[in-house]
Amino acid sequence: MSNPFTRSPTKDEQDAASKVMDSCAVKTGFSGVAGYGIGAVFGLVLSGIEFSSPVDTSTSTKQQIKTVFKDMGNKSLSSAKNFAIMAAIYSGSECMIESYRARNDIYNSVAAGCITGGTLAVRTGPRGMAAGCAGFAAFSAAIDWYMHKDD
């Protein structure tokens, strides 16, 4: 019996892994996890720049540090959740649109951006959803154009 860590995968194993990795559910899950990680780092960096809680100078330095770290953790967690949701919605909708259209072009990104922006702005009403749709669609188009301009 060969060592599974040193041998190359067989063609059947490669095909099975490819099918799993190409599924929209796996892509959405991975994007959500990656978005959570990126959002946590982003939130941590931004919370270090902007500290909104007033510093109570009557408490000890140790207590002030605890308060600052707690605030940084809360902002990081909030940002992580928001990025995870945004990444999962965008990735899932883009994958479903691409699967339905059987094409990989800029229109998939624009439509997924519109769906993401509209979904994230659902609490603001129809005008907010339209603005969110337009904003995310434009941003998605710009990023997709930049990433594929040399193709």
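Mentor: Start with one side chain. Phe 42 has a relative accessibility of 42%, so Phe 42 counts as partly exposed. Keep in mind that this is a predicted model.

Trainee: How do I read a pair of aromatic rings?

Mentor: Use the distance of the centres and the angle of the planes. Here the count comes to one aromatic pair. Phe 42 and Phe 83 form it, with 5.3 Å centre to centre and 50° between the planes. The pair is tilted.

Trainee: Which parts does the pair tie together?

Mentor: Phe 42 lies in helix α2 (residues 24–49), and Phe 83 lies in helix α3. The pair therefore links parts that are 41 residues apart in sequence.

Trainee: Now the helices. What describes two packed helices?

Mentor: The angle between their axes and the distance between the axes. Take helix α3 (residues 61–101) and helix α4 (residues 106–120). They pack at an angle of about 140°, and their axes are 8 Å apart. That makes α3 oblique to α4. Their crossing is right-handed.

Trainee: Which residues make the contact?

Mentor: From α3, they include Ile 85, Met 86, Ile 89 and Arg 101. From α4, they include Tyr 107, Ala 111, Ile 115 and Leu 120.

Trainee: How many residues of each class does the contact of α3 with α4 have?

Mentor: Ten are nonpolar, six polar and three charged.

How values were computed:
Residues are numbered from 1 along each chain as its sequence is written. This is a predicted model: local features need pLDDT of at least 70, side-chain atom pairs count only at pLDDT 80 or more; totals for chains, interfaces and linings use all residues. Side-chain values use heavy atoms; hydrogens and water are left out. Axes are lines fitted to C-alpha atoms, for helices over the stretch in contact, and angles run from 0 to 180 degrees between N-to-C directions. Helices (H or I, at least four residues) and strands (E, at least two) are DSSP runs, numbered from the N terminus. Angles under 35 degrees count as roughly parallel, over 145 as roughly antiparallel, 65 to 115 as roughly perpendicular and the rest as oblique. A crossing is left-handed if the near helix is turned anticlockwise from the far one by less than a right angle, and right-handed if clockwise. Contact means heavy atoms within 4.5 Å. Ala, Val, Leu, Ile, Met, Phe, Trp, Tyr, Cys and Pro count as nonpolar, Asp, Glu, Lys and Arg as charged, and the others, Gly among them, as polar. Rings of Phe, Tyr and Trp (its six-membered ring) pair if their centres lie within 6.5 Å; planes under 30 degrees apart count as stacked, over 60 as edge-to-face and the rest as tilted. Buried means under 20% relative accessible area, exposed over 50%, partly exposed in between (1.4 Å probe, protein chains only).
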